[in-house]
Amino acid sequence: FPDTEEAISATKMLAKISQAKLKKRSTALVLSIFFGFLGVDRFYLGYKGLGFLKLIFGLIFPIWWLLDIIFIATNNIQDSNGMALEK
């Protein structure tokens, strides 16, 4: 292996992803339906910044809540590590 900064960074990223637990789509969908307006679904998927924004603006912009339900139900969203949701 070359001892470049890119190789070290890629190795660290792979280690982080391999240690991450897969997020379940069913759990994300239930959280999105019942608590999505609070951003709980985004926090669950690892998107802390988007979860916080959704917490602040979720009641003002309910379309975001509806879109997240659709994205999760149709499996068109990934967790913050770029991994597909587990069925």
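Analyst: The model is a predicted one, in which local features need pLDDT of at least 70 and side-chain atom pairs count only at pLDDT 80 or more, while totals for chains, interfaces and linings use all residues. Residues are numbered from 1 along each chain as its sequence is written, and side-chain values use heavy atoms, with hydrogens and water left out.

Asp68 belongs to helix α5, and helices here are DSSP runs of H or I with at least four residues, just as strands are runs of E with at least two, numbered from the N terminus. With a relative accessible area of 1%, Asp68 is buried; buried means under 20%, exposed over 50%, and partly exposed in between, using a 1.4 Å probe and protein chains only. Leaving aside residues up to four places away in sequence, Asp68 touches Ser32, Asp41, Arg42 and Lys54, where a contact means heavy atoms within 4.5 Å.

Lys54 leads on to the neighbouring helix, for Leu50, Leu53 and Lys54 in α4 meet Trp64, Trp65 and Asp68 in α5. The residues of this contact divide into four nonpolar, no polar and two charged, where Ala, Val, Leu, Ile, Met, Phe, Trp, Tyr, Cys and Pro count as nonpolar, Asp, Glu, Lys and Arg as charged, and the others, Gly among them, as polar.

Two packed helices are described by the angle and the distance between their axes. The axes of α4 (residues 48–57) and α5 (residues 62–73) come within 9 Å and cross at roughly 135°, the axes being lines fitted to C-alpha atoms over the stretch in contact, with angles that run from 0 to 180 degrees between N-to-C directions. The two helices are therefore oblique to each other, since angles under 35 degrees count as roughly parallel, over 145 as roughly antiparallel, 65 to 115 as roughly perpendicular and the rest as oblique. The crossing of α4 past α5 is left-handed, which is said when the near helix is turned anticlockwise from the far one by less than a right angle, whereas clockwise gives right-handed.
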